[in-house]
Amino acid sequence: MAQMIFVNLPVKDLETTKDFFGKLGFSTNPQFSDDKAACLVISDTIFAMLLTEPRFKEFTKKDIADASRTTEVILALSADSREKVDELVDAALAAGGSPAGETQDMGFMYGRSFQDPDHHIWEVMWMDPAAVEGQG
């Protein structure tokens with residue numbers, strides 16, 4: 001079985017966050033979702049557990065970071081092309097997300113970023129396969 005990652009993210013309004021990511025083309029797995037959590041399916045091996053803040057608090061004794069003021073993590077996703085980077089980030093902005101940084105265009109690598117409704121930063125990157133293989 002391939003290794004998987006489940007990123008746990010606190011959210012203020014679960015329905016708003018689910019609706020936002022639905023507009024980006026992501027689905028939720030109902031088997032691992034309820035009124036306090038939604039399992040966002042990003043790929044076959046990548047999932048984000050969107051947890052209401054009270055539910056998230058059950059997993060930690062630390063304060064929940066206020067992502068509108070501080071950054072604890074930047075979630076980076078790969079994309080198959082520059083166009084796919086633009087598609088996902090443009091969809092996020094149209095769905096109510098906000099820009100999170102400047103476009104990065106180094107020719108062999110291209111990336112943009114956005115903030116979701118809870119101010120978590122998502123970076124979407126494409127890298128030329130030849131550069132990945134050391135041929136670029």
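Helices (H or I, at least four residues) and strands (E, at least two) are DSSP runs here, numbered from the N terminus. Keep in mind that this is a predicted model: local features need pLDDT of at least 70, side-chain atom pairs count only at pLDDT 80 or more, and totals for chains, interfaces and linings use all residues. Residues are numbered from 1 along each chain as its sequence is written, and side-chain values use heavy atoms, with hydrogens and water left out.

**Stop 1: a patch on the surface**

Start by selecting helix 4, residues 129-132, and pick out Val-132 in it. Is Val-132 buried or exposed? Its relative accessibility of 57% makes it exposed; buried means under 20% relative accessible area, exposed over 50%, and partly exposed in between (1.4 Å probe, protein chains only).

**Stop 2: the nonpolar cores**

Next, select Phe-21, Leu-24, Leu-50, Phe-114 and Trp-122, the residues with the most contacts inside the largest nonpolar core, which has 25 residues. Such a core is a set of buried Ala, Val, Leu, Ile, Met, Phe, Trp, Tyr and Cys residues joined through side-chain atoms within 4.5 Å. Elements giving two or more residues to this core include strand 1 (5-11), helix 1 (14-23), strand 4 (46-52) and helix 3 (82-94). Which element gives the largest share of this core? Helix 3 does, with 4 residues.

Centre the view on Leu-50 and show its contacts (heavy atoms within 4.5 Å). Beyond its neighbours within four places in sequence, Leu-50 is in contact with Leu-9, Val-11, Leu-14, Thr-17, Phe-21, Lys-36, Ala-37, Ala-38 and Leu-40. Another core, of 6 residues, lies apart from the largest one; Ala-37, Cys-39, Phe-47 and Met-49 are among its members.

**Stop 3: aromatic rings**

Show the rings next: the whole structure holds 6 aromatic pairs. Rings of Phe, Tyr and Trp (its six-membered ring) pair if their centres lie within 6.5 Å; planes under 30 degrees apart count as stacked, over 60 as edge-to-face and the rest as tilted. Zoom in on Phe-6 and Phe-47, which are stacked because their ring centres are 4.8 Å apart and their planes lie at 10°. Phe-6 is in strand 1 and Phe-47 in strand 4, so this pair ties together parts that are 41 residues apart in sequence. Phe-6 is partly exposed at 43% relative accessibility, whereas Phe-47 is buried at 11%. For a cluster linked by ring pairs, select Phe-20, Phe-21, Phe-26, Phe-114 and Trp-122.

**Stop 4: salt bridges**

Side chains of opposite charge can pair when their charged atoms come close. How many salt bridges does a search of the whole structure find? There are 9, each with a side-chain nitrogen of Lys or Arg within 4 Å of a carboxyl oxygen of Asp or Glu.

Select Lys-12 and Glu-53, whose side chains form a salt bridge at 2.9 Å, N to O. Lys-12 sits in the loop between strand 1 and helix 1 and Glu-53 in helix 2 (residues 53-57), so the bridge links distant parts of the chain, 41 residues apart. Lys-12 is exposed at 62% relative accessibility, while Glu-53 is partly exposed at 27%.

Move on to Asp-105 and Arg-82, bridged at 2.6 Å, N to O. Asp-105 belongs to strand 7 (residues 104-105) and Arg-82 to helix 3, so this pair ties together parts 23 residues apart in sequence. Then select Asp-86, Asp-90 and Arg-112, which salt bridges with shared partners join into one network.

**Stop 5: two loops**

Go to Thr-45, in the loop between strand 3 and strand 4. Leaving out residues up to four places away in sequence, Thr-45 touches Ala-2, Gln-3, Met-4 and Ile-5.

Finish at His-119, in the loop between strand 8 and strand 9. Its phi is near 70°, a positive value in a residue other than glycine. Most residues other than glycine have a negative phi. His-119 is partly exposed, at 33% relative accessibility.
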